[in-house]
Amino acid sequence: MKFSLGASLFFWPKDQVETFYQQAINSEADIIYLGETVCSKRRELRVNDWFELAKQVAKSGKQVVISTMTLLESAAEIQTLKKYCTNGDFLIEANDLSAVQILHENKLPFVAGPAMNCYNLSTLKVLLRQGMFRWVMPVELSSDWLSSLLEKAEQSSIRNQFECEVFSWGYLPLAYSARCFTARSENRAKDDCQYCCIHYPQGRKMKSQEGEQVFTLNGIQTMSGDQYNLVNEVNNMQAIGVDIVRISADSEQAFNKLSQFKRQLVTPQYIPLDKNNECNGYWHKIAGMANV
């Protein structure tokens, strides 16, 4: 089993991003994803900056994957996407079908990211024909569902054609919208957002009328209010055939989580979740905000 560090979903200053990935080079991650997946207006790092950073990380011997945007809204964004997909050096995580199309046309392999709506065997087969070599399970699905699907893939003799990766720690990316919720929360128009999400390095918390933290606003992205944590499920994941455990690059805390998750393979132990800030409901086929 391998461990990956997912792309940072938040908007950080350039120097903070570079510092984070210098730490990632020395982390226990086997695979490192990087790139902007949420909003094209986040230009602290531009295309060539991401490529340069990817080269630095690759020198450490870790596998580097560049993640693409999830919601594209303009011709300019498509042109930028093409630059990423045809970079010639690094693997790509496709987070929408336009990336899949570009990669397929150029006969390039790709990772199908968690934002791709891939829920069944038929869709897996379609993506495999397009060039997928790794599939990241959508975050809202359960271990039972995953086990069943991987078993069907085995019966169909395609299981050996792709790796399976599971988002296992961090704020869950749940939904995307053309509207920017962070800008709206500051009474700003999306076109005049003034990049305000950079002031919320772990998103802006959203509470219910009862005072319960239900969501985290991250630009156009709605995330879970609590951090998803499958630290007690590592051995179960290995048993059902998960190849890669993903830790989201939410903060420097991610590096400690990488070590903690990895230790579970050697010395398994039950680690109680924080009832106020962590959840694992989706994995157990119950309400996502719950934890067991």
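Just after helix α4, K107 takes a positive phi of about 55 degrees; helices here are DSSP runs of H or I with at least four residues, strands are E runs of at least two, and both are numbered from the N terminus. This is a predicted model, in which local features need pLDDT of at least 70 and side-chain atom pairs count only at pLDDT 80 or more, while totals for chains, interfaces and linings use all residues. Residues are numbered from 1 along each chain as its sequence is written, and side-chain values use heavy atoms, with hydrogens and water left out.

S157, not a glycine, has a positive phi near 60 degrees and sits in the loop between α6 (143-155) and β7 (163-176). With a relative accessible area of 56%, S157 is exposed (over 50%; buried is under 20% and partly exposed is in between, using a 1.4 Å probe and protein chains only). Q194 isn't a glycine either, yet its phi is positive at about 55 degrees; Q194 belongs to the loop between α7 (181-185) and β8 (204-207).

Back to α4 itself, which spans residues 97-105 and has S98, A99, V100, I102 and L103 buried. The cover over these buried residues includes α3, β4 (91-94), β5 (110-112) and α5 (121-130).

As for the nonpolar cores (sets of buried Ala, Val, Leu, Ile, Met, Phe, Trp, Tyr and Cys residues joined through side-chain atoms within 4.5 Å), the largest has 77 residues. L5, Y21, M132, W135, L146, F162 and V166 have the most contacts inside this core. A second, separate core has eight residues, A7, Y33, V111 and I244 among them. M132 makes a handy example from the largest core. M132 is part of strand β6 (residues 132-136) and counts as buried because its relative accessibility is 3%. Leaving aside residues up to four places away in sequence, M132 touches F110, A112, L124, L127, Q161 and F162, where contact means heavy atoms within 4.5 Å.

What about the cysteines? A search of the whole structure turns up zero disulfides, a disulfide being a pair of cysteine sulfur atoms within 2.5 Å. The sulfur of C85 is too far away for a bond, because the closest cysteine sulfur, in C118, is 18 Å off. C85 is also buried, at 2% relative accessibility. C196 is in no disulfide, and the nearest cysteine sulfur, that of C193, is 5.7 Å away. C196 likewise counts as buried, with a relative accessibility of 2%.

That leaves the pockets. A pocket is an open set of points on a 1 Å grid over the protein atoms alone where a 1.4 Å probe fits, with protein on both sides within 12 Å along at least five of seven lines; lining residues have an atom within 4 Å of a point. The largest pocket holds about 380 Å³ of space, the volume being what is filled by probe spheres set on points joined across faces, edges and corners. Its lining has 17 residues, with S40, R43, V47, T80 and Y84 nearest the centre. By class, the lining of the largest pocket has eight nonpolar, three polar and six charged residues (Ala, Val, Leu, Ile, Met, Phe, Trp, Tyr, Cys and Pro count as nonpolar, Asp, Glu, Lys and Arg as charged, and the others, Gly among them, as polar). The second largest pocket has a volume of about 150 Å³. Its lining residues include P114, M116, Y119, P138, E140 and Y176, and the class count there is nine nonpolar, one polar and one charged.
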